[in-house]
Amino acid sequence: MEKRAAPICAAIDVGSNTIHIVVARCFPEWLEILADELELVRIGESVTAIGKISLEKSRAALQALSKYRALAEQHGAEHIFVVATEAIRQASNSAEFIAQVRAETGLEVLLISGEAEAALTFFGATYEASAHEHLWVMDLGGGSLELVFARQMQIVWRTSVPIGSGWLHDHYLSGNPPTSDERETAEIFLQTYFRRTRIPHSAQALIVTGGSANSLLYLVQRAFHRPMENKQLSQEDLARCQNLLSALSAEDIADLYGQPQARARILPAGALIIQQVIKRLQVQEIMVSPHGIREGVLLAYARYGESWLEKVSQEEQPEESYAQTAHKVLLDRLYTMLTWSDEVLKHGDIEAIHKMRVASRRLRAALDAYQPCCDPRLFAKVYRKVKRTADALGEVRDTDVMLHYLFEQLDSLTEEEQEGIHRLVEYLKSYRQEKQEELTVFLRNLDGEKLERQLKASLRERMDR
Amino acid sequence: MARARPISELDLRAPTGRNARIILRERLADMYVYARYVADPTCIQELHDLRIAVKRVRYTLEVFEEYLPEASKDFAEELGRLQDELGALHDSEVMLALLRLLLHQEQGEITGQDSSSSGKKKALLPPDMVKSFLNTTHVAVLSEKEQAGLQSFLHRQEQRREQAYTSFHRHWKKLEQRNFRERLLAMLESK
């Protein structure tokens, strides 16, 4: 395509941590970047805290978007594409937010799916990279991480994990700097989570994109005097970053190494996630790409024209067979249930018990649906164990529900009734205590890895027949 | 919730959506076996079994959601509402059983069992709960005021149970009028 004929476009990504714009002259295989700016608005912070985009975050976002619209127009952009990802997907008031953006800036926000996000990020992160036979690409955002596996530069597998640097910071690493206890808890959480994440492929190369990876690279270049053209980060580099980030406050990191303060706050979380992913994927180092979803949007537009999002979203695999989905669904649901086990054991709180019980029910529903894909003898063992887990959780949960109902009624009852109910509550609480203790013993003895092995063997044996 | 009835004639190598439709038709047929008990509020066990069967259809729709038409979500939601109503009915039964246990009413109810027209008996309260309550001297130490208060609360619960049954029954009738079953089967026929 002639340079003159290539359109100038802008792509804005409204993410959990940042609002980021790239303006470029767009060619199908490359981009001539004219502007690249970002603002750390941290919309995800309010979504984590209150489930929606707060008024304050909404104002900050609108301000950034108006500014970026003007920037795009200054460069003569023909189109301005605005895509929104995980934080907006999760926010209960996303539709309201999108309408407000439209009304106040004239920009149309496209709320894209996790799959489209993964595909666009892959386009962006790899367009300058050399071709690899097998390749991982990870986009580490504030609210989620998208992991893609590609064979001969074609995506063959992808997953979206609802853990990002902002999320981990808000849930586990809010100290400044995070304490060693906080880091240890976050590390155990990530190890447990990733151990149970299904990774069906293997590759030696991992490209990481997103704000955290780029800031860590910058930190290494500044703090350890690495040449600017070096885009690799090893496990050792990340360990050194962690030492630095646990010794200095975010303000010191910002002052000494030229990082925005808001970014410096979430950097320990970003470093920890990358370290754990490297371990899980068993790669030696990562290559950091400064490009991501925005460049992906611009390349997709240059390749497919007006129907770019449709094309990207349509890149679907042929429908999987019943046996293939059995493997995926059963293991995913088993891992989800087991992930809650640690939380129940650690805190024993009502909500964690409820969540684990729901997960156990979902697993049982999947076991019922995929029973024909399993060897009957091994299946029976797995089913029994899952049923016992659900029953142990159910006895505590059902008592919680009864107690909740009785407490709700109290105010509307007569004094006489209240006295009787207080006695009933007393008995139920003591019964609940007994059941909570039994549940703790049961979960401590629940061998998740053995259950996983049995389920996998059950699926394998049936397939081999 | 017992294990679901196994279904033969499934081809493991066939697309997931095809098998999902076969499973759902069977689960729906299982659910409608209990339709004849819906008009009788005394069929406690059968209404409980219906709740399990409804839950099973709903969960199956959710498990296979991505291999079914978009409309499957509406059917799952409708079944979710039905399940909630049957759940409220069941919760009332459990609370009544618990109150009767505590008040040491009729001998037959001390085990927290319900009667059913099919002759099956199923405990409404977990056996451990019954044991735990009976092993203590709770009943003996209830003061007169507490007993009277619980007795009065039990009457409220009986009313709550009536209301729960009425809501469920009205909803079921509406679904019948709207040909819910036929529409769900038609959805399964579509791509």
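Reader: Of the contacts in chain A between residues at least 6 apart in sequence, what percentage joins residues at least 24 apart?
Author: Keep in mind that this is a predicted model. Take the contacts in chain A between residues at least 6 apart in sequence, then pick out those that join residues at least 24 apart. That share comes to 70%.

Reader: And how many helices and strands does chain A have?
Author: Chain A has 465 residues, and 54% of them count as buried. Its secondary structure comes to 18 helices and 11 strands.

Reader: Let's zoom in on α12 of chain A. What length does it reach from its first C-alpha to its last?
Author: This helix covers residues 293–304, which is 12 residues. At 1.5 Å a residue, 16 Å is expected, and the model comes close to that. From first C-alpha to last, α12(A) reaches 16 Å.

Reader: Is α12(A) mostly covered or mostly open, and how many of its residues are buried?
Author: A residue counts as buried when its relative accessible area is under 20%. Among those that pass in α12(A) are A:Ile293, A:Arg294, A:Leu298 and A:Tyr301. So the helix is mostly covered, and the number of buried residues, out of 12, is 10.

Reader: Where does A:Arg42 lie, and is it buried or exposed?
Author: Most residues other than glycine have a negative phi. A:Arg42 is not a glycine, yet its phi is positive, about 55°. You'll find A:Arg42 in the loop between β3 (31–40) and α1 (43–50) of chain A. Its relative accessible area is 7%, under the 20% cut-off, so A:Arg42 is buried.

Reader: What about B:Asn179: how does its accessibility count?
Author: B:Asn179 also isn't a glycine, and it has a positive phi of about 50°. It sits in the loop between α6 (144–177) and α7 (180–189) of chain B. Its relative accessibility is 41%, which falls between the cut-offs of 20% and 50%, so B:Asn179 counts as partly exposed.

Reader: Which two residues of chain A does a cis peptide bond join?
Author: Most peptide bonds are trans. Here omega is about -5°, and the bond is cis. The bond joins A:Asn176 and A:Pro177.

Reader: Now the two chains together. What area do chain A and chain B bury between them?
Author: The size of an interface is often given as the accessible area lost when the parts come together. In contact here are 47 residues of chain A and 48 residues of chain B. On the chain A side, A:Tyr322, A:Tyr405 and A:Tyr427 lose the most area, together 16% of what that side buries. Between them the chains bury, with 61% of it on carbon and sulfur atoms, about 4000 Å².

Reader: How many salt bridges does the rule find across that interface?
Author: A salt bridge needs a side-chain nitrogen of Lys or Arg within 4 Å of a carboxyl oxygen of Asp or Glu. A:Glu417 and B:Arg156 form one, with their closest N and O atoms 2.9 Å apart. Across the interface of chain A and chain B, the number found is six.

Reader: Which element gives the largest share of the side of chain A that touches chain B?
Author: The elements that give two or more residues to that side are α14, α15, α16, α17 and α18 of chain A. Its residues divide into 21 nonpolar, eight polar and 18 charged. The largest share, 14 residues, comes from α17(A).

Definitions and conventions:
Residues numbered from 1 in each chain as written. Chains lettered and ligands numbered in written order. Predicted model: local features only at pLDDT ≥ 70, side-chain atom pairs only at ≥ 80, totals over all residues. Heavy atoms only, no water. Contact = heavy atoms within 4.5 Å. Buried area = accessible area lost by both parts, 1.4 Å probe. Helix = DSSP H or I, 4+ residues; strand = E, 2+ residues; numbered from the N terminus. Nonpolar A, V, L, I, M, F, W, Y, C, P; charged D, E, K, R; others polar. Expected span 1.5 Å × (residues − 1). Buried < 20%, exposed > 50% of the residue type's maximum accessible area, 1.4 Å probe, protein only.
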